Amino acid sequence: MQARRRLQSSACGALTITSIDTHSLPANTSSSSLVLWILKILIYPAMSADPSYYENELELLKARLGAFFIANNEEQRKKEQYKDEDDNLNKLIEILVDYSSLVRQADESRVSNLHDIVSKVDDVFNKAVGFVYGDADMCDMMPSFAHGDSEALLEDKLPPGVFAGGLIDSFMPLPERILGPNAKLDALARGVSMPKRPSSWTKTVHPHPNTTPCSRFRDDIPTWNSNASNNNATAVYEARCDMSSDDISSPISVVLSSGHGGTCLAVLSAGGYKNRTSYLSYYLPREASVGDFPDGHNLAIGLSEVAGFITVDQERKLVFVGDSERTKSYAWGPVGEADIFDDPFPTHTFDSDKYGGPMLVLPGGRFIRAGKGRAGIWDLDSAPTHGPKGRKIIGKKISTEDTWRDDPENIERSGGSSATSTIPFEDTNLVPNVWQLHPTLTGTVYCSADSRASSGNYSCITVDLEHGGKAGSRYLGHGGTILNFSTTTQDPSYFSTSCTDGLARLYDVRHPLPRQSSACTSAVIAHPDGYPFNVCIIIFTGYDRTEHIIAWDVRARVPIYDLSTGNNEVTCMEWNASENSLYAATTCNYIDRLGYHHGYRLARVPRRRNPDEKQSKDSEEEGEDDDTGSGSEEYEESDEETCWPEEAYHSENYYGEVFDAGDHRIYRYQFKTDASGILPPYGQATANSDDGMW
């Protein structure tokens with residue numbers, strides 16, 4: 001085959017190709033493949049710039065999707081023709097992937113009707129996701145359908161044959177109970193490969209002496225060149241951090257005040273009898289001593305229900321919390337003064353019965369809370385307060401009879417003040433589930449819909465609250481309800497989401513589809529030293545089942561290391577750029593709503609060994625042949641006060657320090673080049689714990 005081919009134009013002169021370089025094609029390229037290659041390189045781009053091309057493609061996809069819905073409707077299922085759920089779900093995902101590919105093609109071609117295409121595809125995705133979770137009931141978490149070849153789904157997997165130590169501890173006794181105590185030896189004799197544990201922490205990479213022992217690095221980590229201008233980034237990349245914590249109730253949400261360095265961190269949680277009481281805890285990071293977690297200021301909130309939303313007004317030193325009927329604010333100190341109140345001071349109560357969604361504060365002292373099709377506005381400078389003693393009733397008194405709380409006498413009975421004005425949303429059916437202020441565009445929020453209250457709306461959009469609630473950009477690909485957003489002032493072109501479909505997504509605001517996606521329960525963007533996106537950006541992802549946090553290098557698209565959470569599930573996180581710290585609110589799955597610990601055993605604490613200490617040759621060989629992968633691990637003498645959850649995902653030797661929380665906690669991972677290895681206190685759970693908290 002000649003290196004170059006020449007195609008003459010047709011009689012109509014519609015296309016002239018003078019020379020096509022085929023050096024990049026394999027030598028055995030068939031004629032049909034060559035034709036497809038020519039169409040893709042030369043004809044396809046011309047078609048892809050034509051808006052009518054996308055309209056035609058959308059109609060074809062619409063026909064495919066319609067046929068799928070007809071073949072899988074309720075009547076067909078009753079006829080038992082709806083048998084293979086996985087196969088049908090895969091067929092639907094294939095159609096949605098093709099929709100995503102069409103959007104990606106239109107975006108790359110900068111087609112003039114891109115906005116309309118994105119809007120139509122968003123409607124399709126909403127319908128499809130609603131179908132999967134609705135009558136079809138195909139799955140609990142929808143697979144990703146919006147990532148392309150260049151936006152691959154990021155996954156963190158153990159090597160083949162290696163399983164988490166906790167899983168092996170749970171699994172290995174089973175064959176012995178069924179087949180007898182020699183089951184493992186018999187399997188090895190027959191050449192059956194037994195599951196292996198991850199190697200001991202002592203055999204893993206340790207980038208720096210100041211790297212926290214509560215981290216575990218991957219074998220092949222990206223190269224990072226440190227210098228005098230990137231100390232913060234270096235500390236993050238090498239996990240040089242001091243780790244501190246505070247006990248909290250069961251966490252719901254955590255929020256860091258914006259502006260002026262994030263001076264207040266507020267945690268909303270549920271506690272008391274069966275977690276029926278809302279609690280507010282706030283911390284002032286600047287007031288903390290070196291290595292210590294900031295002092296906590298705590299209060300049982302006087303709402304009738306468990307609150308679901310929280311926000312902070314740093315300028316007025318106010319924390320707002322709200323349930324479905326009312327919103328309350330608490331002050332942490334007098335405005336304009338350095339003094340701090342010992343306890344949160346009750347300031348406002350708002351009647352937000354029609355505005356039970358997310359909240360925020362806009363410039364000029366405007367408190368905003370979302371409802372269906374509109375948001376209510378309260379003027380903080382003129383709104384009535386609870387007075388100098390914090391006890392004055394605002395509005396009419398409410399009844400405390402209809403409440404699940406077992407302490408109705410502690411419910412504050414103010415009905416609250418009404419909204420002074422409203423902002424209508426362009427979409428009158430929109431019921432926001434969560435929103436996040438854009439870091440640089442005043443009044444613009446990233447917003448997700450409450451799918452249950454918004455007629456199956458799973459959209460992610462921007463809403464301009466300063467200009468009549470107008471909807472702006474749309475960001476596609478969510479297979480569930482968005483749980484939170486993360487933004488960064490260092491590079492406002494990017495934001496991330498976490499979603500009920502078990503995926504976190506990173507978006508470039510200039511494109512409608514995610515740039516990266518990863519399976520996790522929560523995510524937060526860290527931008528140490530303010531470098532551009534393509535130089536340094538980290539995404540921390542939190543997990544429930546695997547009970548840890550992973551730091552991802554966004555440039556290399558790989559995990560660098562994970563951080564211990566003391567066997568706790570990660571609920572939500574915040575990044576504080578001013579102190580180069582990660583905050584993570586976590587849930588202990590081994591304590592019940594009454595405060596009792598369950599499922600603990602004595603911990604097997606490995607003998608502490610210097611990471612550079614070499615093992616003997618015999619020990620190394622024994623470790624290679626050991627079916628558990630743990631080698632000849634030596635253990636400390638059992639300590640009845642040091643216990644470990646029987647169903648913990650990790651074994652005690654997974655990190656360099658054995659640590660179990662034993663309670664719900666909020667952690668601070670403070671990254672700094674001179675970190676001294678400070679660790680939080682070990683939990684109080686025991687193997688025979690029977691002391692409840694409540």
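How many salt bridges does the structure hold? I looked that up first, and the structure holds 23. I counted a salt bridge when a side-chain nitrogen of Lys or Arg sits within 4 Å of a carboxyl oxygen of Asp or Glu.

**Ground rules**

I am working with a predicted model, where local features need pLDDT of at least 70 and side-chain atom pairs count only at pLDDT 80 or more, while totals for chains, interfaces and linings use all residues. Residues are numbered from 1 along each chain as its sequence is written, and side-chain values use heavy atoms, with hydrogens and water left out.

**Entry: the whole protein**

I noted 10 helices and 34 strands. Both are DSSP runs numbered from the N terminus, helices being H or I with at least four residues and strands E with at least two. Of the 694 residues, 52% are buried. For me, buried means under 20% relative accessible area, exposed means over 50%, and partly exposed is what lies in between (1.4 Å probe, protein chains only).

The protein exposes about 32,700 Å², and carbon and sulfur atoms supply 48% of that area. These areas come from the Shrake-Rupley method with a 1.4 Å probe; for residues, only the protein chains shown count as cover. I also checked contacts, meaning heavy atoms within 4.5 Å. Among contacts with a separation of 6 or more, 59% join residues 24 or more positions apart.

**Entry: salt bridges, one by one**

A reminder to myself: side chains of opposite charge can pair when their charged atoms come close.

I started with E412 and K328, whose closest N and O atoms are 2.6 Å apart. This pair links distant parts of the chain, 84 residues apart: E412 is in the loop between strand 16 and strand 17, and K328 is in strand 12 (residues 326-331). K328 counts as buried because its relative accessible area is 2%.

Next I took R405 and D407, which form a salt bridge with the closest N and O atoms 2.9 Å apart. Buried or exposed, I asked of R405? R405 is buried, because its relative accessibility is 5%. D407 has 13%, so D407 is buried as well.

Salt bridges that share partners also join D313, E315, R316 and D381 into one network. Within it, R316 and E315 pair with the closest N and O atoms 3.6 Å apart. R316 is buried because its relative accessible area is 15%, whereas E315, at 58%, counts as exposed.

**Entry: a negative patch**

Which residues form the negative surface patch? I found E325, D351, D353, E401 and D402 there. Patch members have over 30% relative accessible area and no salt bridge; like charges are joined within 9 Å, and nonpolar side chains (Val, Leu, Ile, Met, Phe, Trp, Tyr) within 5 Å. Asp and Glu count as negative and Lys and Arg as positive, with His and the chain ends not counted. The place of a charge is NZ of Lys, CZ of Arg, CG of Asp or CD of Glu.

I then followed E401 into the loop between strand 16 (374-379) and strand 17 (421-424). E401 counts as exposed because its relative accessibility is 73%.

S304 sits in the loop between strand 9 (296-300) and strand 10 (309-313). At 11% relative accessibility, S304 is buried. Leaving out residues up to four places away in sequence, S304 touches D323, R326, I398, T403, R405 and I411.

L430 lies in the loop between strand 17 and strand 18 (432-437), and at 4% relative accessibility L430 is buried. Beyond its neighbours within four places in sequence, its contacts include G371, F425, C447 and V463. S454 is 24 residues away in sequence, with a C-alpha to C-alpha distance of 5.7 Å.

S244 belongs to strand 5 (residues 241-247) and is buried at 6%. With neighbours within four places set aside, S244 contacts G291, D292, F293, I666, Y667, R668 and P680.

**Entry: positive phi**

Most residues other than glycine have a negative phi, so I looked for exceptions. N275 has phi near 55 degrees, in the loop between strand 7 (265-271) and strand 8 (277-283). N275 is partly exposed at 21%. E547 also has phi near 55 degrees; E547 lies in the loop between strand 27 (538-542) and strand 28 (548-553), and is buried at 4%.
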